[in-house]
Number of protein chains: 4
Amino acid sequence: MDPPDPFFEKDAWAQEAGIELMEVSAGRAKVRMRIAGWHKNSHGTVHGGAIFTLADTAFALASNSHGTPAAAINANISYVKAATGGTLYAEAAEFSLNPKIATYTVTVTDDAGEKIALFQGMVYRKTLKK
Amino acid sequence: MDPPDPFFEKDAWAQEAGIELMEVSAGRAKVRMRIAGWHKNSHGTVHGGAIFTLADTAFALASNSHGTPAAAINANISYVKAATGGTLYAEAAEFSLNPKIATYTVTVTDDAGEKIALFQGMVYRKTLKK
Amino acid sequence: MDPPDPFFEKDAWAQEAGIELMEVSAGRAKVRMRIAGWHKNSHGTVHGGAIFTLADTAFALASNSHGTPAAAINANISYVKAATGGTLYAEAAEFSLNPKIATYTVTVTDDAGEKIALFQGMVYRKTLKK
Amino acid sequence: MDPPDPFFEKDAWAQEAGIELMEVSAGRAKVRMRIAGWHKNSHGTVHGGAIFTLADTAFALASNSHGTPAAAINANISYVKAATGGTLYAEAAEFSLNPKIATYTVTVTDDAGEKIALFQGMVYRKTLKK
């Protein structure tokens, strides 16, 4: 991304996780995370919390893309394949946008395009700017 | 915890997040995380991915407490109050235990005992040891 | 219940499902459903939609118990044991209550007290009466 | 549908709800429900349990389309718009198919093509036939 996105730059936890922003536009976002040893769990696969963080970061970027501060109120994640390395990608799309509540889906995939996780999230939009 | 728990010691992402194990027993676990600046999001509150990681770590400890490797297949989290600092706690309890599938609830609270998030998770248990 | 609860009496789908109200108080509700052949699915067990309807009815009663109209925005259900007959019970409890968003848990059990399902739901509260 | 689908014909609760099968193929299904007064809740809108039943029926058809009995273990639903009448449609698509666990998404829409709900479900597949 050039120039850098100010919302993403201030996301300390996403930076800590090594997440990189690829694209952001109205209601959409794509991020990636190159897997390192410290992303893993006790089973030697990528930690559910790291995969969730990747998906959640795409969700936050997409839901905050309209200029209205959006706070996550619910998220559901289904893990469909263990990930062990390489780069993981999360792509968020807007399913619905209401004045106070909006809903997003995020798909997490690996380098081979294999599906790793499916995420569904809702936000509460703090101020109505119309 | 004394002696250290070997399952928890190998959880690299939980260590990265600064999570500390307080208690683990059959089907139960309690962990905590002292909030630092790098746990936060662009809104200045604790990142949903950090809160999820805390809950998910308690869930992993509780679900792997029986000696059967358990992999998360689904998790749902509801965020009910923004957290800004201090220490957060996650406590996991087993709701159901079947040979292949088990279900857990995790409650995340802050120093004042206020509820921060509610988490519900399912695991697939890889080997049946009976 | 004596006298009848007007909110429950107007719930046509709950009546259609044969649900009976047992108790309702601030933030809590308990309902039951005597299983008949028409509650079942193609596998001969109680349909996930019927179990969800039972849990959702308890959730609606509990979340509307404060006098503020509450509309469900999200629900998550984990099915932990197949049910085949007898009576099923759903008990809802309030996890959190904010001016606009509230969260509930519902446990579904059978006649033997065995856990059948775990439900977590969020509502959007339409009017703030304080 | 001509000829009738035997799996759907045996789904007593779906019949009770007035659901009609439109299409079913490997990993996919589409159903509809013409809204009547008895589908409604105390607020006069279509009951969350009725909308869930519609989505769940599409999910059951899609997940059982491979010949392996599939039992729902988890479902998450986000309600994005109140429905009041007309016909509702639910369309299920397979997100992932593993030997024991498979994941589906279901979108519920109304006559105008407006999104009503988003559903994400997981099944446990009872027998591996390969």
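The following legends describe close-up views of a predicted model.

**View 1. The fold of chain A.**
Chain A contains three helices and six strands, and these elements follow one another along the sequence in the pattern α-α-β-β-α-β-β-β-β. The radius of gyration of chain A is 14 Å, close to the 14 Å that the globule rule gives for 130 residues, so chain A is as compact as a globular protein of that length. Taken along the principal axes, the box filled by the C-alpha atoms of chain A is roughly 45 × 30 × 25 Å.

**View 2. Burial and contacts within chain A.**
Of the 130 residues in chain A, 51% are buried. When contacts in chain A between residues at least 6 apart in sequence are considered, 65% of them join residues at least 24 apart.

**View 3. Strand β3 of chain A and its partner within the chain.**
Strand β3(A), which spans residues 70-79, is mostly covered, with nine of its 10 residues buried. Within chain A, β3(A) pairs in the antiparallel sense with strand β6(A), residues 115-125, over nine bridges. One position in this pairing is A:Ser78, whose bridge partner in β6(A) is A:Leu118.

**View 4. Strand pairing between chain A and chain B.**
Strand β3(A) also pairs with β3(B), in the antiparallel sense and over five bridges. In β3(B), the residue bridged to A:Ser78 is B:Asn74, while the bridge partner of A:Asn74 is B:Ser78.

**View 5. The side of chain B that touches chain A.**
The contact between these two chains involves 33 residues of chain B and 33 residues of chain A. On the side of chain B that touches chain A, the elements giving two or more residues are α2 (12-16), α3 (48-63) and β3 (70-79) of chain B. The largest share of this side, nine residues, comes from β3(B), the strand that pairs with β3(A). By residue class, the side of chain B that touches chain A divides into 15 nonpolar, 13 polar and five charged residues.

**View 6. Chain A superposed on chain C.**
Chain A is superposed on chain C by a rotation of 180 degrees with 0.0 Å of shift along its axis, at an RMSD of 0.0 Å. That is the relation of a two-fold axis. The same surface serves both copies, in that 100% of the contact residues of chain A recur in chain C.

Note on methods
Residues are numbered from 1 along each chain as its sequence is written. Chains are lettered from A and ligands numbered from 1 in the order in which they are written. This is a predicted model: local features need pLDDT of at least 70, side-chain atom pairs count only at pLDDT 80 or more; totals for chains, interfaces and linings use all residues. Copies are superposed by least squares on the C-alpha atoms of residues with pLDDT of at least 70 in both. Two residues are in contact if their C-beta atoms, placed from the backbone, lie within 7 Å. Helices (H or I, at least four residues) and strands (E, at least two) are DSSP runs, numbered from the N terminus. Ala, Val, Leu, Ile, Met, Phe, Trp, Tyr, Cys and Pro count as nonpolar, Asp, Glu, Lys and Arg as charged, and the others, Gly among them, as polar. Two strands pair if DSSP finds at least two bridges between them. The radius of gyration is taken over C-alpha atoms; the globule rule is 2.2 Å times the number of residues to the power 0.38. A residue is buried if 20 or more other C-beta atoms lie within 10 Å of its own, exposed if 12 or fewer, and partly exposed in between; C-beta atoms are placed from the backbone.
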